[in-house]
Amino acid sequence: MSDISKVLIVGGGIGGLCAAIALRRQGIPVDLVEIKSEWTVYGVGIIQQSNVVREMARLGVLDRYLDAAYAFDDVGIYDLQGNARVRIPGQRLAGPEYPANVGISRLALHQVLSGTAIELGAQVRLGLTVESFEQDATGVDVTFTDGSTGRYDLVVGADGVYSKIRGMLFGETYTPRFTGQAVWRYNFPRHSSIDHLASYTGAEGNAGLVPLADNLMYMFSTSHEPGNPWYEPEHFAELMRDRIKHIGGLVGELREQITDSSQVVYKPMEVVFVDEPWFKGRVLLIGDAAHATTPHLGQGAGMAIEDALVLSLELAGGGSLEERLERFMARRFERCKYISENSILAGDREMAHDASFDRIGLTKAMLARTAEPI
């Protein structure tokens, strides 16, 4: 039985929900607050790479949503005309019975995670967040935006790139920075050839196709958007088609099918990295609140999921809370920094049209690094 009497998780996204699941499996009581009154999810789909599949299996949730996802092993890298450059085999890190990678819609993933957290006994409240907190040597007194209060052994800020908890801890020291790029996403019926992650790269653009289910896949493309301009949403389809106009092969065939602007998900890339311990006293940041990065390595959500699992393991260990959080930082800081820096580097090289940039080498190095135990 854990000596942690109750934890508050602020934020009901992937990181917050995985933290709730992991902590409940350790027997730790959890309250979770989510500022959205309607618990909706933003985005199209998500790639769960081999390290993430391993950790999701350890969280006990992978089996539950494999039927709603698309399992695959390999990553294929192609030129802009669709000619194969290299096929990188995945590692089945969760065991031979599990795939190396999983593609899943964000809605399906949210339903699995939220349903599991609630079934395990996490107390979820929607439409509110933390208004203020005061901490002492034994706990944190929290006042919520609806006027209610609570006392907790630990508060976990999992409230994303615009984290309110981060601002309460560090003021304006760490604020999101626009990288100069944005990402475009769009769903299609799955093409029979897309049974793996297919990445198309070249000096004149890039795109990727990711299987999500037997009948569904999505396309993504990153683009240089100097000054972070505002685009009218009704023009998103036209703009996305323009961003991939130099790409042939299957992407070129699909391009003219991008017609419904309401289905285009457009997101400017913003990053932040807390370059010091992510906790002060009994308040800790995880996921995007501590280390929001770009999607170039497909590991943003993965790092949040790993954060959640490692936190639960360290809280179940011995020592003072400070010692446990210091062990958490020792296991997470350099790994997350590697992903953050190399994701940003990949985007910078794209914008510079750097012909010497070895994307294949970076992908292989990232897969090898993330395959290491956490």
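Here is a short chat about a strand, a sheet and a pocket in this predicted model.

Modeller: Quick ground rules: this is a predicted model, where local features need pLDDT of at least 70 and side-chain atom pairs count only at pLDDT 80 or more, while totals for chains, interfaces and linings use all residues. Residues are numbered from 1 along each chain as its sequence is written, and side-chain values use heavy atoms, with hydrogens and water left out.

Biologist: How many residues of strand 2 are buried?

Modeller: Strands here are DSSP runs (E, at least two residues; helices are H or I, at least four), numbered from the N terminus. Buried means under 20% relative accessible area, with exposed over 50% and partly exposed in between (1.4 Å probe, protein chains only). Val30, Leu32 and Glu34 point one way from strand 2 and Asp31 and Val33 the other, all of them buried. Strand 2 is largely enclosed by the rest of the structure, because the buried count is five of the five residues.

Biologist: Which side chain does the side chain of aspartate 31 make a polar contact with?

Modeller: Aspartate 31 lies in strand 2 (residues 30-34) and, at 15% relative accessibility, counts as buried. A polar contact is a pair of N or O atoms within 3.5 Å; within protein, one must be able to donate a hydrogen and the other to accept it, and residues adjacent in sequence count only if both atoms are side-chain atoms. At 2.7 Å, the partner is the side chain of tyrosine 152.

Biologist: And which residue stands opposite aspartate 31 in strand 2?

Modeller: Two strands pair if DSSP finds at least two bridges between them. Strand 1 (residues 7-10) runs parallel to strand 2, joined by four bridges. Opposite aspartate 31 stands leucine 8.

Biologist: Which element gives the most to the lining of the second largest pocket?

Modeller: A pocket is an open set of points on a 1 Å grid over the protein atoms alone, where a 1.4 Å probe fits, with protein on both sides within 12 Å along at least five of seven lines; lining residues have an atom within 4 Å of a point. This one is lined by 27 residues, with Gly202, Ala203, Glu204, Gly205 and Glu350 nearest its centre. Elements giving two or more residues include helix 10 (321-351) and strand 16 (216-224). The top contributor, with four residues, is strand 16.
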